[in-house]
Amino acid sequence: MMRTRPLKVALLGCGVVGSEVARIMTTHADDLAARIGAPVELAGVAVRRPDKVRGGVPAELITTDATALVKRGDIDVVVEVIGGIEPARTLITTAFEHGASVVSANKALLAQDGASLYAAAEQHGQDLYYEAAVAGAIPLIRPLRESLAGDKINRVMGIVNGTTNFILDKMDTSGAGYSEALDEATALGYAEADPTADVEAFDAAAKAAILAGIAFHTRVRLDDVYREGMTEVTAADFASAKEMGCTIKLLAICERAADGGSVTARVHPAMIPLTHPLASVREAYNAVFVEAEAAGQLMFYGPGAGGSPTASAVLGDVVAVCRNRLNEATGPGESAYTQLPVSSMGEVVTRYHISLDVADKPGVLAQVATVFAEHGVSIDTVRQQGKDGEASLVVVTHRAPDAALSGTVEALRKLDTVRGVASIMRVEGE
């Protein structure tokens with residue numbers, strides 16, 4: 001039997017995502033009510049610019065006083081899609097204090113201060129859901145928190161930023177340089193006017209922190225994530241990758257150590273074999289590859305951003321939270337019981353592809369090989385080409401601690417016969 005009193009939703013933010021949330025709530029009201037077991041009503045929309053035209057949102061619902069909206073006391077669910085740290089953090093905790101559960105798409109806040117938000121939700125007996133914070137419409141958070149809750153996840157590796165994947169895909173398929181591919185991404189609306197958060201991997205790092213925390217039941221903050229952007233990737237790097245049967249992706253990688261005693265989280269460009277499922281992810285799509293002990297290898301794929309896809313994830317959470325309220329229950333909260341330490345990047349075991357500009361004369365290869373040996377790094381393959389006194393030397397290593405590989409590169413720079421390090425890139429997915 002359906003309850004007649006509606007569940008009330010307050011919407012914080014009415015931009016690209018928020019306006020889609022409002023539209024779908026209105027046009028699919030009957031379906032949502034049938035799925036929840038009670039009508040759901042948009043009770044207020046907080047915005048910064050009230051004079052902006054927002055189709056489909058009644059003017060009487062618009063307010064600039066977000067604090068008053070979340071303090072009303074009759075709100076069941078607050079949907080936060082304004083982003084940033086403040087005022088979002090204060091508004092979310094205020095919502096909990098006044099009896100509302102929260103659905104958020106705020107990856108930056110969750111990565112930086114997720115623990116305190118979970119604590120506030122638990123203190124006041126409310127839900128905190130955030131499927132839309134990572135990978136847009138792709139169901140990922142809920143499978144990790146619920147479907148795989150009985151399994152042990154060892155690795156999560158994925159493409160979690162559509163802008164960077166579009167740029168790298170264009171560089172790979174068309175031979176374009178970074179600037180040219182970025183210009184195309186901007187023209188098509190995939191990249192912001194200031195693309196720093198995407199291309200310098202701040203966005204992906206926040207998502208990696210969230211994924212690692214859920215996957216390994218431990219607290220991982222944004223500051224724990226190693227971050228390396230993709231602005232230095234060149235057409236020459238793609239040419240080298242192709243020679244190895246690889247492509248290049250900006251990957252978020254979260255791993256449990258082999259002994260199970262620590263975890264790592266990192267984001268950086270990497271060469272990945274064309275045979276790996278992530279290598280085929282094109283355009284602005286996202287995909288996340290999960291390795292679990294019992295379930296084995298799983299991949300989640302789909303559109304990772306945009307108004308409609310993100311709104312889909314938001315409303316999926318709204319339905320779940322509303323059902324919980326009808327049942328006077330709450331969903332899963334924070335699971336950080338393992339309290340595993342987060343290791344530094346230097347302790348991560350990786351492979352490297354290193355391209356060196358060297359003098360074309362006898363003994364250079366022996367000198368370079370000696371440096372690798374002195375740092376305990378084993379060489380897998382080496383390729384040398386030379387002409388007119390100049391040469392290039394491409395070395396691919398076996399897996400070794402990242403600190404040892406970094407030390408090797410610094411020592412190589414000091415050799416008189418090494419004119420420069422043309423490129424350095426990690427190799428993943430093997």
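Student: Which side chain joins that of Glu-80 in a polar contact of 2.6 Å?

Tutor: This is a predicted model. In it, Glu-80 sits in strand 4, residues 77-80. Its side chain also makes a polar contact of 3.4 Å with that of Asn-106. The partner at 2.6 Å is Ser-104.

Student: How far from Glu-80 is the nearest side chain of opposite charge?

Tutor: Glu-80 is buried and has no salt bridge. A salt bridge needs a nitrogen of Lys or Arg within 4 Å of a carboxyl oxygen. The nearest side chain of opposite charge is that of Lys-107, and its distance is 9.7 Å.

Student: Where does helix 5 bend, and by how much?

Tutor: Helix 5 spans residues 107-123. Its buried residues include Leu-109, Leu-110, Asp-113 and Gly-114. Among the elements covering its buried residues are helix 4 (88-97) and helix 10 (202-216). The bend is at Asp-113, by about 90°.

Student: Which residue with a positive phi follows helix 5?

Tutor: The helix ends at residue 123. The phi in question is near 70°. The residue is Gly-125.

Student: Why do the buried residues of helix 13 line one face?

Tutor: Helix 13 covers residues 364-374, and its buried residues are Val-364, Val-368, Val-371 and Phe-372. Seen down the helix axis, they line one face because they fall within an arc of 100°.

Student: Which exposed residues does the face of helix 13 turned away from its buried side carry?

Tutor: The buried side holds Val-364, Val-368, Val-371 and Phe-372. Just after the helix, Gly-376 has a positive phi of about 70°. The face turned away carries Ala-373 and Glu-374.

Conventions:
Residues are numbered from 1 along each chain as its sequence is written. This is a predicted model: local features need pLDDT of at least 70, side-chain atom pairs count only at pLDDT 80 or more; totals for chains, interfaces and linings use all residues. Side-chain values use heavy atoms; hydrogens and water are left out. Helices (H or I, at least four residues) and strands (E, at least two) are DSSP runs, numbered from the N terminus. Buried means under 20% relative accessible area, exposed over 50%, partly exposed in between (1.4 Å probe, protein chains only). Lys and Arg count as positive and Asp and Glu as negative; His and the chain ends are not counted. A polar contact is a pair of N or O atoms within 3.5 Å; within protein, one must be able to donate a hydrogen and the other to accept it, and residues adjacent in sequence count only if both atoms are side-chain atoms. The bend at a residue is the angle between axes fitted to the seven residues ending there and the seven starting there. Contact means heavy atoms within 4.5 Å. The arc is that of the directions from the helix axis to the C-beta atoms.
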